[in-house]
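Welcome! Let's go through this structure together, one question at a time.

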Amino acid sequence: MLLRLLPAPAMIASIAAVVVLPLILPSVAMATEVVVFIIATLGCNLLLGYVGLLSFGQAISFGVGAYACGLALIHLHVGVWSGLFAALICSAIAGLVVGALSIQKRGIYFVMLTFAFSQMFYFIAYAMAGVTGGDNGLLNVPRPPLTVFGVTLLSLATPLSMYSMAAIVFLILFAFLRRVVASPFGSTLIAIRENEERAIAVGYNTRIFKIIAFVISSWVTGIAGALYALFLNFAPLSNIDVSMSERIIIMTIVGGANSLFGSVLGATFYIVVSNLLSSVWPRWLLVLGIILIVVAGYLRGGLWSGVEWTWQRLRARWPVAGAVEQREDGGDA
Amino acid sequence: MSAEPRTALAVEGLTKRFDGFAAVKHVSFTVREHSVHSLIGPNGAGKTTLFNCLTGALKPSAGRVIFAGRDITHLPPHRRARIGMGRSFQVTSLFQNLTVFESLRIAAQAQTGLAALDFVRPKELLGRAVADAELVLDRLGLGPYRDTKAGELSHGRQRLLEVGLALAVRPSLLLLDEPTAGMGVEDIGAMKELIATLARNYTIVLIEHNMRVVLDISDMITVMHLGEVLVEGRPDAVRRDDRVKAAYLGSEG
């Protein structure tokens with residue numbers, strides 16, 4: 001029942017987060033990085049949390065999105081919208097190819113296939129140095145002003161304007177994905193996660209659903225990659241490295257797979273902690289490892305389930321006037 | 001005296017071999033519309049293999065399966081559900097974390113074709129799936145448990161929902177794989193009545209170990225033994241058949 005009441009709060013919380021982040025974080029740049037990775041994590045969450053597919057293809061989507069946007073801006077001199085659109089199309093196609101081939105297998109073999117594709121795309125990007133810049137990355141990605149029909153909306157020259165655009169894109173995608181998971185299509189994804197054999201038995205061609213989920217997941221993460229390239233004015237080869245997939249998967253799991261707002265928490269947590277800790281202690285990843293162990297062992301729903309749990313405790317202790325619903329958990333009087 | 005009853009399902013010379021071992025050997029039978037047709041036999045008789053060929057989980061080595069006049073021998077499982085074959089599982093196979101209502105809605109939604117791929121509008125607006133789920137919920141008397149997670153139901157109610165998921169796909173034929181598996185005496189009685197009631201509107205193929213259930217509600221029984229059809233007949237004929245007795249006694253020991 002609590003989840004029924006969530007929709008509006010989750011959206012409000014996201015808007016609040018977007019407003020507050022640049023104010024409380026040490027720099028607007030860090031806030032931008034947070035928002036970019038929230039988007040990437042949302043894409044991952046659709047596959048991992050809702051369909052239950054652990055794909056290491058996140059880096060492919062992220063990298064392809066970054067290259068597509070960067071190359072379009074550099075060589076075609078297009079605007080930011082077109083750059084983002086190029087990223088969307090290219091990463092959607094990459095997701096279609098990788099998804100359609102990988103889901104032929106299930107379980108561990110599926111995971112290994114996505115891993116193999118991830119390596120393959122990395123080496124393609126590495127080998128095609130003439131196009132991608134190879135090891136040096138794709139340099140000098142321009143950041144033209146954001147225009148609509150010739151009218152400049154945002155210059156994008158300042159860190160805050162860049163952040164604003166990333167934040168708006170995030171809010172749009174967040175609202176979109178919330179609709180996706182509440183739709184007939186999204187409910188089928190959840191059914192596939194719960195019991196694919198049964199989903200087939202009641203009449204679903206589950207492959208089609210998985211492939212479409214792959215495509216949506218991929219273009220969402222691809223847009224994150226494009227924003228990252230705009231933000232850095234540069235698309236490093238590490239974008240498409242399998243370790244990028246690991247980072248995004250960790251953010252998803254730490255935040256809480258199968259809750260979209262969990263992705264907001266997970267990515268924010270990861271980026272902020274890594275930025276703060278890495279400057280004082282080079283072995284900070286150790287801390288992250290411990291946190292992952294705690295989440296995997298004791299907090300399966302990630303940070304989000306921790307928030308939910310606390311929320312329920314608070315409501316049980318201080319019942320809000322008018323709240324008729326009484327939850328029968330926690331025996332403390 | 002009645003008109004020739006129509007055939008809902010026909011199995012013709014069906015054979016399934018695994019590595020040279022024939023689990024099902026040249027089995028043929030027909031299922032009349034709106035009848036309860038049971039498949040029984042001692043362990044290892046080939047019932048489950050045969051059942052899996054009917055649901056599409058296994059591909060027969062030879063022979064044909066005809067449903068509603070159409071050869072479906074090589075149709076994949078999800079397509080069979082789409083043309084009106086609902087199935088249940090012997091080992092309860094539910095959407096554990098979904099509520100009873102949502103589980104039924106999902107099953108009903110599978111029949112809505114392209115509408116199930118809609119990824120923008122809320123699922124509640126897909127009225128046909130919601131209405132079909134409500135209907136099945138009522139029919140099974142699971143109304144009080146509509147918001148209970150499937151995994152939290154009692155075993156008996158899980159078995160009911162198991163049949164319910166098969167019902168929600170608007171089937172004309174129900175393939176029920178041991179619906180009373182693991183049930184207590186009272187629940188078995190209720191399940192038996194449910195199946196008997198369903199037989200008015202649906203054709204039912206039943207695999208069942210509980211002989212009382214089988215003998216009470218079947219219109220026709222096919223007894224299998226060592227992969228072949230041993231006897232086929234009405235319940236009272238099967239009950240008296242010496243070959244059937246011998247097959248069951250022979251497998252005890």
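**A hairpin to start from**

Mentor: V223(B) stands opposite V231(B) in β10(B). This is a predicted model, in which local features need pLDDT of at least 70, side-chain atom pairs count only at pLDDT 80 or more, and totals for chains, interfaces and linings use all residues. Residues are numbered from 1 along each chain as its sequence is written, while chains are lettered from A and ligands numbered from 1 in the order in which they are written.

Trainee: How many bridges join β9(B) to β10?

Mentor: Helices (H or I, at least four residues) and strands (E, at least two) are DSSP runs, numbered from the N terminus. Two strands pair if DSSP finds at least two bridges between them. Strand β10 of chain B covers residues 228-233 and runs antiparallel to β9(B). The number of bridges joining them is five.

Trainee: Which residue in the turn of the β9(B) and β10(B) hairpin has a positive phi?

Mentor: The hairpin leaves two residues between its strands. A positive phi of about 50 degrees is found in the turn at L226(B).

Trainee: Which residue of β9(B) does H37(B) stand opposite?

Mentor: Strand β3 (residues 36-40) of chain B pairs with β9(B) in the parallel sense, over four bridges. In β9(B), the residue opposite H37(B) is M220(B).

Trainee: How many of the six residues of β9(B) are buried?

Mentor: A residue is buried if 20 or more other C-beta atoms lie within 10 Å of its own, exposed if 12 or fewer, and partly exposed in between, with C-beta atoms placed from the backbone. Strand β9 (residues 220-225) of chain B is mostly covered. Its buried residues number five.

Trainee: Are α8(A) and α11(A) roughly parallel or roughly antiparallel?

Mentor: Axes are lines fitted to C-alpha atoms, for helices over the stretch in contact, and angles run from 0 to 180 degrees between N-to-C directions. α8(A) packs against helix α11 (residues 206-232) of chain A at about 175 degrees, with the axes 11 Å apart. Angles under 35 degrees count as roughly parallel, over 145 as roughly antiparallel, 65 to 115 as roughly perpendicular and the rest as oblique. The angle therefore makes α8(A) and α11(A) roughly antiparallel.

Trainee: Which element gives the most residues to the side of chain A that touches chain B?

Mentor: Residues are in contact if their C-beta atoms, placed from the backbone, lie within 7 Å. On that basis, 20 residues of chain A are in contact with 28 residues of chain B. Elements giving two or more residues to this side of chain A are α8 (159-181), α9 (184-194) and α10 (196-201). With seven residues, the one that gives the most is α9(A).

Trainee: In which helix of chain B is confidence lowest?

Mentor: pLDDT is the predictor's confidence in each residue, from 0 to 100. Chain B has a mean pLDDT of 92, and 97% of its residues reach 70 or more. Confidence is highest in helix α3 (residues 100-109) of chain B, at 97. The lowest mean, 80, belongs to residues 242-251 of chain B, helix α9.

Methods
Two residues are in contact if their C-beta atoms, placed from the backbone, lie within 7 Å.
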